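Here is a briefing on a protein–DNA model. Please look over the sequence and structure first.

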Protein chains: 2
Amino acid sequence: MAIPRAAKTQRRTRIQEEKEEIILEAALDVFSVSGFRGSTIDQIAEVAGMSKPNLLYYFRTKEAMHRALIDRVLFTWLEPLRAFDANGDPESEIRSYIRRKLEMARDFPRESRLFANEMLQGAPHVEDELRGPLKDLVDEKVEVIRAWAKAGKIAKCDPYHLIFSIWSTTQHYADFDVQVRAVLGDEHSGEGRFEDAARYLEQLFVDGLRIRHS
Amino acid sequence: MAIPRAAKTQRRTRIQEEKEEIILEAALDVFSVSGFRGSTIDQIAEVAGMSKPNLLYYFRTKEAMHRALIDRVLFTWLEPLRAFDANGDPESEIRSYIRRKLEMARDFPRESRLFANEMLQGAPHVEDELRGPLKDLVDEKVEVIRAWAKAGKIAKCDPYHLIFSIWSTTQHYADFDVQVRAVLGDEHSGEGRFEDAARYLEQLFVDGLRIRHS
DNA sequence: GGATAATTTGACCGATTGGTAAACATTACA
DNA sequence: TGTAATGTTTACCAATCGGTCAAATTATCC
């Protein structure tokens, strides 16, 4: 008698690992563009090159696919923030945090859009993770920044909004890629735009625009 | 014999104006959360308090509704950038541009999310507007900023990325509102967060973080 | 008030949706 | 090699999708 769902088996077989990998990869393609509601199992099945019932053999529902995808991606996504080091030099820490986030926007734009889609829809599937693990991690880093400000190493500023501004400026290049390309024009839309962005953002965060009063 | 579609009539009646207004308002509610693909005419009809065929009497297709909505919102959305003045003082111009964009994120979050959704999906319905009117407007303001930099009024920086960074940081408070609230916690999620954000962002853009080298 | 145009709705259509059942094919392992 | 477990697919389901149609209702104007 066959066990109805792979999920119920004790050990994962080789085929399970391979196929789940393929499915999640395809799901990332689809969910990151159309969001949860706008995506269909058929689309994912086509990208994955499998039949729809075959997907549903590995993930019982569309929601289970989305859930698994978010869970897997969330950890990786927070890696740069986790690497943010209290003992490091403020300038190089902030510079490299910006760099790392920008690299992720460049190398993992689908992951960025997956989260952006989820946020736009009010985070119906991840609000707990936001209020729990994410907030905890941010709170921890906020204390680091506050200490730097208190020690006079950086200007006094709201650390939460500092983090928000790094998130938003870097992820912008993944989430709004079409807009960025359209505005920059075809000439400046090569991969070099990430280097330009990195230079600009590091300057912005370190020195600001150094506006001279007239 | 009744004219089949309101769109074909010469003059718009009072009822047409009222109902189209109600429909677009409802469509904004729905599209801004779920995106085009994820939204259904039934959802919009329910929010609007009308029957589905009644919506389709005013807008022939779901796409026509979305199109009308985007067109109406796009003009308003670019207002702050249009107000960006070449003859003004750089510092006050940038400060007030940030303020205005932040006010729009606060007062028109649905409009912000509507565009964000569209961008995430690759701007299938507005790419022409991005490459045309938007790029033209940005190019014009970019020249202003370049002139300021050349005159030594502000630091030399890439004006395109400067604009991107103002867009992303301000719209973040509309598009990622759930995340912002979750991270700030219930205590700091009141309307005061926009004032905090404004203070922080003005400081960031004017002075940067003023990092002291250790 | 009556004719006419404008508006609204219930019933319905074919296509697509998420998901199931069961037959069929393949793999792993004795 | 046989056989039981695992994996895959075809056919299908009820619900929902975007959209149509004709009939019913309401507003407009003489």
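By class, 10 nonpolar, 7 polar and 7 charged residues make up the surface near DNA strand C. The model is predicted: local features need pLDDT of at least 70, side-chain atom pairs need 80 or more, and totals for chains, interfaces and linings use all residues. Residues are numbered from 1 along each chain, chains are lettered from A in the order written, and side-chain values use heavy atoms, without hydrogens and water.

**DNA strand C**

**Polar contacts (N or O pairs within 3.5 Å)**
- A polar side-chain atom of A:K52 is 3.1 Å from a base nitrogen of DNA strand C.
- A:K62 uses a backbone N or O atom, 2.8 Å from a phosphate oxygen of DNA strand C.
- The side chain of B:S51 has an N or O atom 3.1 Å from a phosphate oxygen of DNA strand C.

**Largest pocket**
- Its volume is about 170 Å³, taken as the space filled by probe spheres set on the grid points.
- A pocket is an open set of points on a 1 Å grid over the protein atoms alone, where a 1.4 Å probe fits, with protein on both sides within 12 Å along at least five of seven lines; lining residues have an atom within 4 Å of a point.
- The lining includes B:L24, B:R72, B:W77 and B:E111.
- By class, the lining has 7 nonpolar, 1 polar and 4 charged residues.

Conventions
Ala, Val, Leu, Ile, Met, Phe, Trp, Tyr, Cys and Pro count as nonpolar, Asp, Glu, Lys and Arg as charged, and the others, Gly among them, as polar. A polar contact is a pair of N or O atoms within 3.5 Å; within protein, one must be able to donate a hydrogen and the other to accept it, and residues adjacent in sequence count only if both atoms are side-chain atoms.
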